[in-house]
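I opened the model to look up a few things and write them down as I went. The entries follow in the order I made them.

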Amino acid sequence: MTDRTRRAWRSVGIDRCVIIRYTTVVHKVINPSADSTQTAMDTYDLITRNAEEVVTEAEVRELADDPEGKRVYVGYEPSGVLHLGHLLTANKLIDLQEAGLEVVVLLADVHAYLNGKGTFEEIRETAEQMKAQFIAYGLDEDNTEFVYGSTFQLEEDYTLDLHQLELSTTMNRAQRAMAELQGDETAKVSHLVYPLMQTLDIEYLDLDLAVGGLDQRKVHMLAREELPELGYDVRPCLHTPIVADLTSGEGKMSSSEGVTISMEDSTDDLEEKVNSAFCPPTRDPEDDLENPVLELFEYHVFPRFDEVVVERPEKYGGDLTYDDFEALAVDLESGELHPADAKGTLATYLDELIAPGREKLRELRA
């Protein structure tokens, strides 16, 4: 667990949860059968692999004991093009499908409208592009339910529950829940409604587990506090890590600042971005920084590939083959693996992961 995560965890006073960061993990090839993965990893470990937070461990273990028919979701505000932030949670959804859970992807068109992202027609168009990219990336289309928020969030029962939450939730509490998602944007009334709707989505989608990045933590804690007040059950949640800024190792990778990797990137674009990435020869840089190259190996590459091969000329020691992230991280720290070789290899594997989505985007835009 990083110092950044410890500080963030304490800031919201989360109780009864466990913080997890795996370094040694079991890997799989792209789109493997569920059987091959679960022979090497039990269901709980598969469900929580690479999760930064599990709220709560006891609830998720109970879910893992009987996953069949259980429903898990991630909500995405339609933006058109998937980037690595989307794909990190998508990796977790793939794990959850292999564990036997039913996956629901909420295409949050009403949320996007409240956030000023365009007309419903424009938002629906970008949502369809996202859906196609998720399937191209590896979500099992037959076992993934894509739901538009507008299909249930405008119904009378939902609206009345939303008004009830508006009565019981202070403005300060709602704004705290939205703060990490809102960023530096001036607060609007719609921003206060946004997390209340996310709270209700968990109930109205009939879910058993909610998944999101760490920036969703306060929203999920709000849901755990408020849903019982409406007579609904609380649900456990998993939070995936936030990958550091690619060029500095600070904060988080940001698509708005043009420093993320997305399915729009060509092979050359991706290589240029990765080769310019911050990658000191350590997993724990000084000054509260992170090593984004190692994070991308850990959270994106190793969960999707059975092994990683670093190709090097014989005069530089020949190829290196890694079956797990830990071995690669150790070699980077020892000097056996040079940062330039790590970056080149990372670019190759990331390109293979996003290539199907890139091609899908080209088809949609042709």
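**Entry 1: overall make-up.** I take helices and strands as DSSP runs, helices of at least four residues and strands of at least two, numbered from the N terminus. The model is predicted. Counted this way, the protein has 15 helices and nine strands. I then looked up burial: of the 366 residues in the protein, 54% are buried. I also checked how far apart in sequence the contacting residues are. Among contacts between residues at least 6 apart in sequence, 75% join residues at least 24 apart.

**Entry 2: annotated positions.** Is Y194 buried or exposed? Its relative accessible area is 8%, and the cut-off for buried is under 20%, so Y194 counts as buried. Leaving out residues up to four places away in sequence, I listed E77, H111, N115 and M178 as the residues Y194 touches.

The UniProt record (unreviewed entry) also places a "short sequence motif: 'HIGH' region" at residues 78-86. I looked at the shape of residues 78-86: the end C-alpha atoms lie 11 Å apart. The span is 33% helix and 0% strand.

**Entry 3: α10 against α11.** I stayed with α10 and looked up its packing on α11. The two helices pack at an angle of about 65°, with their axes 9 Å apart. The crossing of α10 and α11 is right-handed. Which residues meet there? From α10 I noted P195, L196, Q198, T199 and I202; from α11 I noted V219, H220, L222, A223 and E226. By type, the residues of this contact are six nonpolar, three polar and one charged.

I then checked how covered helix α11 (residues 217-226) is, and eight of its 10 residues are buried. I wrote them down as R217, V219, H220, M221, L222, A223, R224 and E226.

**Entry 4: α5 against α7.** Next I looked at helix α5 (residues 84-98) and helix α7 (residues 120-137). Their axes come within 11 Å and cross at roughly 55°. That angle makes α5 oblique to α7. I recorded the crossing as right-handed. On the α5 side the contact is made by H86, L87, A90, N91 and I94, and on the α7 side by M130, F134 and Y137. The residues of the contact divide into six nonpolar and two polar, with no charged residue. H86, in this contact, also falls in the span 78-86 that UniProt gives for the 'HIGH' region.

While in α7 I looked up E121, which lies in that helix. E121 has a relative accessible area of 68% and is therefore exposed. I took the C-alpha to C-alpha distance from E121 to D109 and got 9.5 Å, for a separation of 12 residues in sequence.

**Entry 5: α12 against α15.** α12 passes α15 in a right-handed crossing. I listed T267, L270, E271, V274 and N275 from α12. From α15 I listed K343, G344, L346, A347, L350, D351, I354 and R358. Sorted by type, the contact residues are six nonpolar, three polar and four charged.

**Entry 6: backbone geometry.** I finished with the backbone. The peptide bond from V55 to T56 is cis, with omega near -5°. T56 is in the loop between β2 (53-55) and α4 (57-65).

N50 has phi near 60° and sits in the loop between α3 (43-48) and β2. N50 counts as buried because its relative accessibility is 7%. D206 has a positive phi of about 55° and lies in the loop between α10 and β6 (209-213). At 52% relative accessibility, D206 counts as exposed, since the cut-off for exposed is over 50%.

Methods: Residues numbered from 1 in each chain as written. Predicted model: local features only at pLDDT ≥ 70, side-chain atom pairs only at ≥ 80, totals over all residues. Heavy atoms only, no water. Axes fitted to C-alpha atoms, helices over the stretch in contact; angles between N-to-C directions. Parallel < 35°, antiparallel > 145°, perpendicular 65-115°, else oblique. Left-handed = near helix turned anticlockwise from the far one by under 90°. Contact = heavy atoms within 4.5 Å. Nonpolar A, V, L, I, M, F, W, Y, C, P; charged D, E, K, R; others polar. Buried < 20%, exposed > 50% of the residue type's maximum accessible area, 1.4 Å probe, protein only. UniProt positions renumbered as here; feature names shortened; annotations may be inferred.
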